[in-house]
Amino acid sequence: MPVVEGLLCGSILLLLLRLWRGPTAWDRLLAYNSASNRAVLVLAVSSIALDEPVFLDVAITYAALSFLGVVVLSRFLEREGGFR
């Protein structure tokens, strides 16, 4: 399991680079969404590996808040025409 968690964390770091450098706001939003999804996966894998079911509750809550954040940001980008 540490290998899987390490690979997921490495992919999150690459997505954070895309979030930082992304040429458009939509690229940044997609990078944020992908990084959030991978963070939920890290929490779920850690929950299974450590046999801690509370991590699944945290993962579900984080996924719901992340989804709401993406919806709000995408509506903002749609209406305002983006930000720089």
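Predicted model: local features only at pLDDT ≥ 70, side-chain atom pairs only at ≥ 80, totals over all residues.

Q: What does the secondary structure of the protein chain come to?
A: Count the elements, then read their order. Here there are three helices and zero strands, and from the N terminus the order is α-α-α. The C-alpha trace spans about 45 × 25 × 10 Å along its principal axes.

Q: What percentage of the residues count as buried?
A: Burial is judged by relative accessible area, with under 20% as the cut-off. By that test, 24% of the 84 residues in the protein chain are buried.

Q: Where is G22, and is G22 buried or exposed?
A: Locate the residue among the elements, then check its accessibility. G22 sits in the loop that links α1 (2-21) to α2 (25-50). G22 counts as buried because its relative accessibility is 1%.

Q: Which residues does G22 touch, leaving out those up to four places away in sequence?
A: With those neighbours set aside, G22 touches D27 and R28. As for F55, G22 is 33 residues from F55 in sequence, and their C-alpha atoms are 31 Å apart in space.

Q: How many positive and negative side chains are there, and how far apart are the centres of the two sets?
A: The protein chain carries 7 positive and 7 negative side chains, and 17 Å separates the centres of the two sets.

Key. Residues numbered from 1 in each chain as written. Heavy atoms only, no water. Helix = DSSP H or I, 4+ residues; strand = E, 2+ residues; numbered from the N terminus. Buried < 20%, exposed > 50% of the residue type's maximum accessible area, 1.4 Å probe, protein only. Lys, Arg positive; Asp, Glu negative; His and termini not counted. Charge placed at Lys NZ, Arg CZ, Asp CG, Glu CD. Contact = heavy atoms within 4.5 Å.
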